[in-house]
Amino acid sequence: MKEFSIIDHFFKQRSYQRKDVLIGIGDDCAVGKVAKGQNIAITTDTLVKGVHYPHDTSARAIAHKAVAVNLSDLAAMGAEPAWISLSLAMPESDPAWLEEFSLGLQEISEYYSIQLIGGDTVQGPLTVTITAQGFIPEGQALTRSDAKPGDALYVTGTIGDAGLGLDVVQNKLRIPVQFHETICDRLNYPTPRVLVGTMLRRVASACIDISDGLLADLQHILDASSCGALINIDKLPLSQAMLESVDAEASLNYGLTAGDDYELLFCVPEDKIANMERALLNANTAFTCIGQMTGQAGKLEMQFNKQPFVFSGKGFEHFSG
Ligand SMILES: [Mg+2]
């Protein structure tokens with residue numbers, strides 16, 4: 001199949017349509033309309049086979065994850081996702097793979113009402129790059145840099161599950177069969193916290209999505225905000241599947257260092273906590289206070305049941321091989 005027919009058949013015909021796209025796939029550029037009073041947020045992420053996902057990952061999962069990781073970055077800034085473009089390198093044009101990939105792309109696009117507005121396909125080792133654009137009301141972008149000492153530190157959902165899933169799909173570990181699907185879905189089909197991100201706009205002082213692991217990503221907030229943090233390790237939100245699959249030490253290791261969860265980690269000043277909690281409860285989103293920000297720039301302290309806790313592990317780095 002030629003590039004133009006691939007784009008037309010698999011991508012253009014299947015793209016979700018938005019009213020703010022004036023010109024979509026088919027011209028030299030896409031043209032979109034930004035509503036008055038809105039700023040535009042832009043992010044891009046590349047997934048490389050064998051680096052960002054295991055070799056036998058399904059095309060549907062790859063499509064989902066490539067979009068989801070970008071939407072997670074938009075969520076971390078409080079942006080509402082709108083448009084995506086795709087740059088796809090593949091060794092050969094494989095219609096069965098493209099069919100599954102484009103259906104995965106269509107599925108997540110429809111779910112989040114985002115339109116694929118452009119694309120490029122080239123021959124090369126399998127590599128998927130998505131660029132995503134979203135909107136934020138003027139001046140309301142969440143950043144990593146406004147946390148203050150005394151702010152409470154929260155995380156959504158449960159953490160460490162995707163890292164556990166990676167070890168399961170790589171056959172490094174066996175877990176009870178009833179948790180297998182849930183845990184592998186956390187790795188292959190991450191849920192970007194899009195709604196929560198928009199709800200945090202006026203209440204969070206700083207926010208980041210957990211892509212590289214709780215400790216590694218928290219450090220980015222500490223550095224950008226010139227703050228420290230105290231985490232209560234006994235408060236880490238770990239899933240039932242995690243707790244029943246591995247021992248306590250391993251579960252803490254996953255929770256603190258495993259990447260790919262795409263939960264949000266955020267700081268909230270004391271006078272905004274009640275508003276934040278009400279909003280997230282209404283959105284039916286689980287969230288946990290795991291500690292607070294402190295005054296010593298860059299310093300991360302941990303406690304377990306109020307006793308000092310020393311952790312020697314290190315943050316997640318993209319696996320290889
Ligand atoms: Mg990020």
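Guide: A residue is called buried under 20% relative accessible area, exposed over 50%, and partly exposed in between, with a 1.4 Å probe and protein chains only. This is a predicted model, in which local features need pLDDT of at least 70 and side-chain atom pairs count only at pLDDT 80 or more, while totals for chains, interfaces and linings use all residues. Residues are numbered from 1 along each chain as its sequence is written, and side-chain values use heavy atoms, with hydrogens and water left out.

Visitor: Okay, so is Asp209 buried or exposed?
Guide: Asp209 counts as buried, because its relative accessibility is 2%.

Visitor: And which residues are the protein donors of the magnesium ion?
Guide: They are Asp73 and Asp209, each through OD, lying 2.1 Å from the ion. Donors here are N, O and S atoms within 2.8 Å of the metal (3.2 Å for Na, K and Ca), and since water is not among the atoms, sites may look incomplete.

Visitor: Where do Asp73 and Asp209 lie?
Guide: Asp73 lies in helix 2 (residues 59-76) and Asp209 in strand 8 (residues 206-209), so the pair ties together parts that are 136 residues apart in sequence. Helices (H or I, at least four residues) and strands (E, at least two) are DSSP runs, numbered from the N terminus.

Visitor: Staying with helix 2, how does it cross helix 3?
Guide: The axes of helix 2 and helix 3 (residues 95-112) cross at roughly 35° and come within 7 Å. An axis is a line fitted to C-alpha atoms, for helices over the stretch in contact, and angles run from 0 to 180 degrees between N-to-C directions.

Visitor: Which residues make that contact?
Guide: Among them are Ile62, Val67 and Leu71 of helix 2, together with Trp97, Phe101 and Ile108 of helix 3, where contact means heavy atoms within 4.5 Å. By class, this contact has 11 nonpolar, two polar and three charged residues. Ala, Val, Leu, Ile, Met, Phe, Trp, Tyr, Cys and Pro count as nonpolar, Asp, Glu, Lys and Arg as charged, and the others, Gly among them, as polar.

Visitor: What about helix 4 and helix 5, at what angle do they pack?
Guide: Helix 4 (residues 161-169) and helix 5 (residues 180-188) pack at an angle of about 110°, with their axes 7 Å apart. That makes helix 4 roughly perpendicular to helix 5, since angles under 35 degrees count as roughly parallel, over 145 as roughly antiparallel, 65 to 115 as roughly perpendicular and the rest as oblique. The residues of their contact divide into eight nonpolar, two polar and two charged.

Visitor: Which elements cover the buried residues of helix 9?
Guide: The cover includes helix 4, helix 7 (214-225), helix 8 (240-245) and strand 12 (300-304). Leu252 and Tyr254 are among the buried residues of helix 9 (residues 248-257).

Visitor: Switching to loops, where is Gln140, and what is it in contact with?
Guide: Gln140 sits in the loop between strand 6 and strand 7, and it counts as buried because its relative accessible area is 17%. Leaving aside neighbours within four places in sequence, Gln140 is in contact with Met77, Arg201 and Arg202.

Visitor: And Asp146?
Guide: Asp146 lies in the loop between strand 6 (127-137) and strand 7 (152-156), and counts as partly exposed at 41% relative accessibility.
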